[in-house]
Amino acid sequence: MSDETETGTGTPAGPQPEPLRFFGTTWVEHDGGYTGRRIGVAAGSLAAAVAACFVLRFAYQGLAIANVGKPVTVLVVVMFAVCSALAFRHTWDAFGKRPDPDRQASLRGLLAIGFIGSLLAYFVRSLTEAPGEKLHREEYETARQSYERRTKRRTGNPSRKRARRS
């Protein structure tokens, strides 16, 4: 193969796809067990969300046993519900566009509390594609098109062209 399509290491020249968590670069061609990985990620994230709900149920029962009072119990339930909803929305939006690192850092606590929402967003997205695949595919295609435009070569020097004879 020519240097135009490959480097000396056997990898194609130009931009390389960014690997996704649990999928590597199988999302590009949907090969290498992509479907099985999607099924596994969907099942795993749903199982983790269900397990997390059981943990929260035990915490709720602990509050009931401690007899902390109705207002505290309601506040805890509302806090987890709101944080889960916000975490779902934030995670879902992050699949479509790159999140701002500063905002991500400021929301770290909220996302930790609402981890069930993040797990559910991961589950729902993995039913249709690898989570983040659409964003990565758009970025990869744009980078490939840009690379191909930059590397197109002209056939000769235009100043040395001769006039064609009929």
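Let's start with F123, which sits in helix α5. This is a predicted model, so please keep that in mind throughout. Is F123 buried or exposed? F123 has a relative accessible area of 19%. The cut-off for buried is under 20%, so F123 counts as buried.

Now look across from F123 to A43. These two are 80 residues apart along the chain. Yet their C-alpha atoms are separated by 7.5 Å.

Next, the helices. Two packed helices are described by the angle between their axes and the distance between the axes. Take α1, residues 34–66, and α5, residues 115–126. What is the angle between α1 and α5? About 155 degrees, and the axes are 8 Å apart. Angles over 145 degrees count as roughly antiparallel. So α1 and α5 are roughly antiparallel to each other. Their crossing is left-handed.

Helix α1 gives the most to the patch, with four residues. Take L46 as one example. L46 lies in α1. Its relative accessible area is 34%, so L46 is partly exposed.

On to charges. Side chains of opposite charge can pair when their charged atoms come close. How many salt bridges are there? The count comes to five. I'll go through some of them.

First up, R89 and D93. Their closest N and O atoms are 3.2 Å apart. Both residues lie in helix α2, residues 70–94. They are four residues apart, about one turn of the helix. R89 is at 53% relative accessibility, so R89 counts as exposed. D93 is at 29%, so D93 counts as partly exposed.

Next, R125 and E129. Here the closest N and O atoms are 3.3 Å apart. R125 is buried, with a relative accessible area of 12%. E129 is buried too, at 13%.

Then R137 and E133. The closest N and O atoms of this salt bridge are 2.9 Å apart. Where do R137 and E133 lie? Both are in helix α6, residues 133–151, and again four residues apart, about one turn. R137 is partly exposed, at 24% relative accessible area. E133 is buried, at 5%. Separately, salt bridges that share partners join E18, R98 and E139 into one network.

Methods. Residues numbered from 1 in each chain as written. Predicted model: local features only at pLDDT ≥ 70, side-chain atom pairs only at ≥ 80, totals over all residues. Heavy atoms only, no water. Helix = DSSP H or I, 4+ residues; strand = E, 2+ residues; numbered from the N terminus. Buried < 20%, exposed > 50% of the residue type's maximum accessible area, 1.4 Å probe, protein only. Axes fitted to C-alpha atoms, helices over the stretch in contact; angles between N-to-C directions. Parallel < 35°, antiparallel > 145°, perpendicular 65-115°, else oblique. Left-handed = near helix turned anticlockwise from the far one by under 90°. Salt bridge = Lys/Arg side-chain N within 4 Å of Asp/Glu carboxyl O.
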